Amino acid sequence: MDENKPVRESIFSKTNLKPLTDPLSNNNPVIVLILGICSALAVTAKLKPAIVMAISVTVVVALSNLIYSLIRKTVPPSIRIIVQLVIVSFLVILVDQILKAFVYDVSKQLSVFVGLIITNCMIMGRLEAFASNNSPWASFLDGIGNGAGYGLILIIVAFVRELLGSGTLLGYQIIPQAFYNAGYVNNGLMILPPMALILIGVIIWIHRSFNKELIDKN
Amino acid sequence: MQDLINIFVRSIFIDNMIFAYFLGMCSYLAVSKTVKTSNGLGLAVIFVLIITVPVNFLINKYLLSPGALSFISPAFANVDLGFLSFIIFIAVIAAIVQLVEMVVEKFLPSLYNSLGIFLPLIAVNCAIMGASLFMQERGLQTFGESFFFAFGSGIGWWLAIISIAAIREKLSYSNIPKPLHGAGIAFIITGLMSIAFMSFLGITI
């Protein structure tokens, strides 16, 4: 990608970095645009699958943005959705095979949710809204930024759920035995699906109290 | 028969697409502003599910699963095309959604008008793809099982979106903290509804 460096501004200029940093807070795909929740929440009961999921989605969204941006001028608009689906499913198959080969146990825990990256609204949204009319390098950075914004929320939710639900992080015991002896009990509700939704709701609440301009008018 | 009913009830209440697996959340949150439109989307999802899942079931059983191709020749007994399932499932779903849209437009114009814009959107609804992937992962054995699984999942999704839409219609009269308006409160309500649905856990027929 470095070859298009001398043509315009430098590759890490402000305009190029905007798509990278914007999705972390003000344009966060999960809590502001409400995209990509489908495959997000079910993997957050433990931290490790959430991290693997975040990395996989980042890889897929960045590479699909890059590929689609490279061919954006040759794809006729009427068939663009199916072209996008093919690119994304090709990348997801690669990710799935790599996960099965190197981290089999996590791949088992993620089960169908790796396949569901294909229908992740966030990826289609980025392809449609950004990669179809921006240069490859900017699209790649946009993909990394959105993947990171998505991963950030996933990891925050998984962190809270695993810490409070199992007293561990990444499988290591964090809450000391002395607490349990003193009567502390893990919050079993945190492991169950509803808490993921409620935690996202609380994150949105906190985030919007600090960013007043994001509050819904109606 | 017994296990078909069991699969049906299980997929509506216990393995509910939204409350247990969060599938189809994007359109669930975006479209659930009024009961009328949510009803249309819910019906469209049921409709597409009961067509795509059985079709994908047949494809999975006779083409993709390990050794499935042995009916052509014994030489193919070791072929496992499972790695192709993602791309084939999504292609089948996209094609069927397109086909259903054209057929419904031609023969059932009133249904087409009520489903309207929702049909094309459904191709990228996670619930549709998710149902096909669950069908493969849980290893459903017969065509009937896959049909009832799809039907139950669809009804579960429809039930969920109608209830949240009804609650959100009433919610506009209540005084909730400003930063929670819109998406925030919808998440928290879905979480509470999900807790309510957990009371169905353990039901077997």
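The paragraphs below describe a predicted model, first one of its chains, then the interface, then selected side-chain pairs. Local features need pLDDT of at least 70 and side-chain atom pairs count only at pLDDT 80 or more, while totals for chains, interfaces and linings use all residues; side-chain values use heavy atoms, with hydrogens and water left out. Residues are numbered from 1 along each chain as its sequence is written, and chains are lettered from A, and ligands numbered from 1, in the order in which they are written.

Chain B has nine helices and zero strands. Helices (H or I, at least four residues) and strands (E, at least two) are DSSP runs, numbered from the N terminus. Along the principal axes, the C-alpha atoms of chain B fill a box of roughly 70 × 45 × 30 Å. Of the 205 residues in chain B, 52% are buried; buried means under 20% relative accessible area, exposed over 50%, and partly exposed in between (1.4 Å probe, protein chains only). Contact means heavy atoms within 4.5 Å. Among contacts in chain B between residues at least 6 apart in sequence, 77% join residues at least 24 apart.

The interface comes next. Here 40 residues of chain A are in contact with 38 residues of chain B. The two chains, A and B, bury about 3,400 Å² between them, with 84% of it on carbon and sulfur atoms. Buried area is the accessible area (1.4 Å probe) that two parts lose on being put together, summed over both. On the side of chain A that touches chain B, the elements giving two or more residues are α3 (80–102), α5 (112–115), α6 (121–129) and α9 (193–210) of chain A. The most comes from α9(A), with twelve residues. The residues on this side of chain A divide into 28 nonpolar, nine polar and three charged. Ala, Val, Leu, Ile, Met, Phe, Trp, Tyr, Cys and Pro count as nonpolar, Asp, Glu, Lys and Arg as charged, and the others, Gly among them, as polar.

Between chain A and chain B there are zero salt bridges. A salt bridge is a side-chain nitrogen of Lys or Arg within 4 Å of a carboxyl oxygen of Asp or Glu. Over all chains the count is six. One of them joins D142(A) and R126(A), whose closest N and O atoms are 3.0 Å apart. D142(A) lies in helix α7 (residues 136–166) of chain A and R126(A) in helix α6 of chain A, 16 residues apart. Both D142(A) and R126(A) are buried.

In chain B, D15(B) forms a salt bridge with R138(B), the closest N and O atoms being 3.8 Å apart. D15(B) is in the loop between α1 and α2 of chain B and R138(B) in the loop between α7 and α8 (143–171) of chain B, so the pair ties together parts 123 residues apart in sequence. Salt bridges that share partners join R10(B), D15(B) and R138(B) into one network.

Rings of Phe, Tyr and Trp (its six-membered ring) pair if their centres lie within 6.5 Å; planes under 30 degrees apart count as stacked, over 60 as edge-to-face and the rest as tilted. F179(A) and Y184(A) have ring centres 6.4 Å apart and planes at 75°, so this pair is edge-to-face. Y21(B) and F134(B) form a tilted pair, 4.7 Å centre to centre with 50° between the planes. Y21(B) and F134(B) are buried.
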